Amino acid sequence: MMVPTKIDRRCFIKTAAASAALSTFGGIAKPYISRASDRPVVTHGVQSGDVSVDSGVVWARSDRPSRMLVEVATSDSFKSIRRSVYVDALPETDFTAKALIEGLPAGQDIFYRIRFQDLSSPAITGEPTVGHFRAAPSDRRSISFLW
């Protein structure tokens with residue numbers, strides 16, 4: 001059996017005021033952040049190609065004029081970003097942006113994270129999409145192709 005506890009008026013007013021302030025400020029800020037329609041979207045996934053010993057090309061397409069932000073790392077955790085570049089995706093290129101990533105370590109797995117930033121409002125960025133490729137080795141090796 002529960003024993004009812006007494007709450008004095010001062011404690012009740014403090015709790016009610018804190019709850020009202022938290023819900024008011026949280027309700028104002030969160031809808032702006034969570035509106036997905038405001039964010040640029042990667043429409044066709046991310047792609048990579050033209051891989052060499054120390055470079056590779058990555059590209060993606062957005063749904064509107066935006067800036068493609070690319071972060072490159074040698075691990076999928078992205079704890080140590082090796083390189084960061086940006087390229088504008090404009091109507092002239094059908095909202096597609098392509099970036100040459102240079103200075104990569106030979107024969108290593110390369111992870112890249114792409115997100116688009118709205119050109120009219122730089123504080124708005126889309127969800128990141130991660131891709132992966134392996135830089136070409138610097139020495140000669142046997143390779144196999146599967147069909």
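Reader: How many bridges join β1 to β2?

Author: In this predicted model, β1 and β2 run antiparallel to each other. They form a hairpin with 5 residues between them, and D50 in the turn has a positive phi of about 50 degrees. Within this pairing, G49 has V57 in β2 as its bridge partner. The count of bridges that join β1 to β2 is 5.

Reader: With which strand does β2 pair over 7 bridges?

Author: Besides its antiparallel pairing with β1, β2 takes part in another pairing, also in the antiparallel sense. Here W59 stands opposite K98, a residue that belongs to the strand in question. The strand that pairs with β2 over 7 bridges is β5.

Reader: Why is β2 described as largely enclosed by the rest of the structure?

Author: A residue counts as buried when its relative accessible area is under 20%. By that cut-off β2 is largely enclosed by the rest of the structure, because the buried residues among its 8 number 6.

Reader: Which residue touches V58, A60, I114 and F116?

Author: V58 and I114 are among the residues with the most contacts inside the core. The residue asked for also touches V85, Y86 and V87, among others, when residues up to four places away in sequence are not counted, and that residue is M68.

Note on methods
Residues are numbered from 1 along each chain as its sequence is written. This is a predicted model: local features need pLDDT of at least 70, side-chain atom pairs count only at pLDDT 80 or more; totals for chains, interfaces and linings use all residues. Side-chain values use heavy atoms; hydrogens and water are left out. A nonpolar core is a set of buried Ala, Val, Leu, Ile, Met, Phe, Trp, Tyr and Cys residues joined through side-chain atoms within 4.5 Å. Buried means under 20% relative accessible area, exposed over 50%, partly exposed in between (1.4 Å probe, protein chains only). Contact means heavy atoms within 4.5 Å. Helices (H or I, at least four residues) and strands (E, at least two) are DSSP runs, numbered from the N terminus. Two strands pair if DSSP finds at least two bridges between them.
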